[in-house]
Amino acid sequence: MMTPHQGTAVYQNARIVDPTHGHDGVGTLIVIDGKIAAAGADALNQGVPDGAEVHDCTGLVIVPGLVDMRVFIGEPGGEHRETIASASAAAAAGGVTSLVMMPDTDPVIDDVALVEFVLRTARETAITRVFPAAAITKGLRGAEMTEIGILLDAGAVCFTDGHQTIANAAVMRNAMRYAKDFGAMIAHETQDADLSAGGVMNEGLFASWLGFPGIPREAEVLPLERDLRLAALTGANYHAAKISTAMSADAIRAAKDKGLAVSAGVSINHLSLNENDVGEYRTFFKLSPPLRHEDDRQAMIEALRDGTIDVVVSSHDPQDVDTKRLPFSESADGAVGVETLLAAGLRLVHNGDVTLSRLIETMSTTPARLLGIEAGTLQPGACADFTLLDIDMPWVLDANTLHSRSKNTAFEDARFTGRVMQTVVAGNRVYSA
Amino acid sequence: MSAQTDFPIFPHRHLLGMAGLSYPDIETLLDRADTDVDVSRQREKKKSVLRGRTQINLFFEASTRTQASFELAGKRLGADVMNMSVASSSVKKGETLIDTAMTLNAMRPDILIIRHSAAGAAALLSRKVGCSVINAGDGAHEHPTQALLDALTIRRAKGRLDGLTVAICGDILHSRVARSNIILLNTMGARVRVVGPSTLMPAAIAQMGVEVFTSMKEGLKDADVVMMLRLQRERMTQALVPSVREYFRHYGLDAAKLALARPDALVMHPGPMNRGVEIASEIADGPQSVIEEQVEMGVAMRMAIIEALLDPRKNESRAA
């Protein structure tokens, strides 16, 4: 699929939203040989080019294809949960044109051979762009650094230990220093293993009644604050991959105010759901970090609005019945989400929490910029990766229709307003509703 | 004796926890249990109301006392009782809880009694089987039959629950007995105190409808009932309490501390006791202790619960 579409295509009468230059208005998008040739109200000044396919997009919105910075996939090692092909099919159905695959595979993506495996498999089987993230430490064990330079050359777009938090501050410091020399980004999920030991949900009244060990918010913010101090010390390009608490947002805000080169991400789940959604021990809502209090969710929305949070991710994490059809405390963390990322995000737009342009910025433009990949824009010359939406279409999610091999969605039977109608990668239509 | 018809129908299919039970629900169960105490004290201790019915006790956690109590309760009602314990089950072979439930369900039991180390296990099971389910303890969540037998013991000794001050002391954090008792006692109008070190309290204890004390001296003052909880030895290795010696000195129930409660205060313990850890031997065996009565009430209470859940009138009213 990576062969760019040959020829000229014209998408007329669409509302075009491009956060890269603050554009939001009705116009035309012209694609020539898989690249964007023009976008905007006056794109058709020269008339429709000869021999062009013309698509009437009245009532639809065109946005840059989403860039999902945090997608967990089971290939290699857990293909029954998800393959690169099935994840990319799910991504395409969700309007995601580029995804960053986490290194939590078996074997771990901590070696150049694995990076090459992912890129080759993606080339042969994926319908979207797939970028590997490599591990910071070998085997995600938090001790020995990976070959950051070689991995970067091979195509790793950032470094992360996936679900693991590096407990050793010296290892973290050195990884940050070393990565900085290569201009590589360190993306880190922070959860103190001891403070959260045995914890299965957010610490609070709900967990207290259910008798579950809780995961306190401090388990997230303590290592985060350590990391932010190390980022100040080393000048590293540090990305707090998945924050979930108001106090973490405050810590990021303070670090940015000091001028540090740090950024932060949040999962769509933590913008959309709270701990009460766990309800009757619903394991599809067992996530890491855990769903928090409504006050934290509100703080995430505020941080998204004010620029403290830069990126929204799906944190797509396929789990099958073996790992989810268990008592709550024994079940695995994680929910699939790449396919519902945009639809759930549109709830925030319809609620008036953020503008469509801000949402697309955090789901496409900013992640592309942070990763240094060619995506997230509709400017002339860019790859023709974009998504057509009907932002007012009401629909109900049927988990059985998900393209992912695993159906552990936190949005089963959810009512959404706004749906992906088409996804285009390099000018090729890879999904059509 | 056809007492069955004298009681209101218990409007629940399962007993998964005290949460969701109303004042009249609880009162009905306690009234029924009073009659079952009489049955248990007869020479002929058997009723035939559940003749032909099958009860399966599914215990994933070892428990001699509770399992024996349920077994006896089922047998005194005339049911056929089967015990399945972890050691002899296929759970050890990797079968999941749900698979086990489906297998047992195919044997068409009328009632399943389950104990499991995971909170929510009974609720999960109840959604997968076609019979009534009783939660005999799920993780640190609930142990409703224990709370009910405690209430029965208190009501028979004090004549009421309403207005009594009950101090629940010790490891509240890990105690399903405490959670069920907090809910039941609040529903019935008692004043509930919890007493223990902060390290053994749930994070949000202040919002759980109880008065919180970290000192036994203050917490036991004028209490009508002192309910002690078992302290597991492993709490020491988890850095929750420093030593048995220190725990007993500050939180163990001895004569000096009990003297702060009302002179007629009841001393209770769900068992099994750690003598010299949370309770002194002379108190456990002393005149204020109702610990043995709790065991006796346990059988009657469980008879009443099983009877209420399998009340034949429920089917009649459905057919009508």
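Biologist: In which loop of chain A is Pro289(A) found?
Modeller: A cis peptide bond, with omega at about -5°, joins Ser288(A) to Pro289(A). Helices (H or I, at least four residues) and strands (E, at least two) are DSSP runs, numbered from the N terminus. On that count, Pro289(A) falls in the loop between helix H8 (268-272) and helix H9 (294-306) of chain A.

Biologist: What pLDDT do side-chain atom pairs need in order to count?
Modeller: Residues are numbered from 1 along each chain as its sequence is written, chains are lettered from A and ligands numbered from 1 in the order in which they are written, and side-chain values use heavy atoms, with hydrogens and water left out. This is a predicted model, in which totals for chains, interfaces and linings use all residues, local features need pLDDT of at least 70, and side-chain atom pairs count only at pLDDT 80 or more.

Biologist: What is the omega of the bond between Gly271(B) and Pro272(B)?
Modeller: Pro272(B) lies in the loop between strand S9 (266-268) and helix H11 (281-284) of chain B. The peptide bond that joins Gly271(B) and Pro272(B) is cis, and its omega is about -10°.

Biologist: Is Tyr281(A) buried or exposed?
Modeller: Tyr281(A) is found in the loop between H8 and H9 of chain A, and its phi is near 55°, a positive value in a residue other than glycine. Most residues other than glycine have a negative phi. Buried means under 20% relative accessible area, exposed over 50% and partly exposed in between (1.4 Å probe, protein chains only). Because its relative accessible area is 9%, Tyr281(A) is buried.

Biologist: Is Asp413(A) buried or exposed?
Modeller: Asp413(A) has a positive phi, near 60°. Its place is the loop between strand S16 (386-396) and strand S17 (415-425) of chain A. With a relative accessible area of 52%, Asp413(A) is exposed.

Biologist: How far apart are the C-alpha centres of domain 1 and domain 2 of chain A?
Modeller: Chain A is divided into domain 1 (8-62 + 383-432) and domain 2 (66-371), with bounds that come from an automatic or database domain assignment. The contact (heavy atoms within 4.5 Å) takes 38 residues from domain 1 of chain A and 46 residues from domain 2 of chain A. The distance between the C-alpha centres of these domains is 26 Å.

Biologist: How many charged residues are in the contact of H11(A) with H12(A)?
Modeller: The axes of H11(A) and helix H12 (residues 356-371) of chain A come within 9 Å and cross at roughly 145°. Leu341(A), Leu342(A), Gly345(A), Leu346(A) and Val349(A) of H11(A) meet Leu356(A), Leu359(A), Ile360(A) and Met363(A) of H12(A). Here Ala, Val, Leu, Ile, Met, Phe, Trp, Tyr, Cys and Pro count as nonpolar, Asp, Glu, Lys and Arg as charged, and the others, Gly among them, as polar. By class, the contact has 8 nonpolar residues, 1 polar residue and, for charged residues, none.

Biologist: Which residues does Val221(A) contact, leaving aside neighbours within four places in sequence?
Modeller: Val221(A) is found in helix H6 (residues 218-234) of chain A. Its relative accessibility is 4%, so Val221(A) counts as buried. Beyond four places in sequence, Val221(A) is in contact with Met247(A), Ser248(A) and Ala251(A).

Biologist: Which residues does Ala147(B) touch, not counting those up to four places away in sequence?
Modeller: Ala147(B) belongs to helix H5 (residues 144-158) of chain B. Ala147(B) counts as buried because its relative accessibility is 0%. Outside that sequence range, Ala147(B) touches Met18(B), Ser180(B), Asn181(B) and Leu184(B).

Biologist: What distance separates the C-alpha atoms of Arg245(B) and Gly276(B)?
Modeller: Arg245(B) is in helix H9 (residues 244-251) of chain B and counts as exposed, at 70% relative accessibility. Arg245(B) and Gly276(B) are 31 residues apart along the chain, and their C-alpha atoms are separated by 8.8 Å.

How values were computed
Axes are lines fitted to C-alpha atoms, for helices over the stretch in contact, and angles run from 0 to 180 degrees between N-to-C directions.
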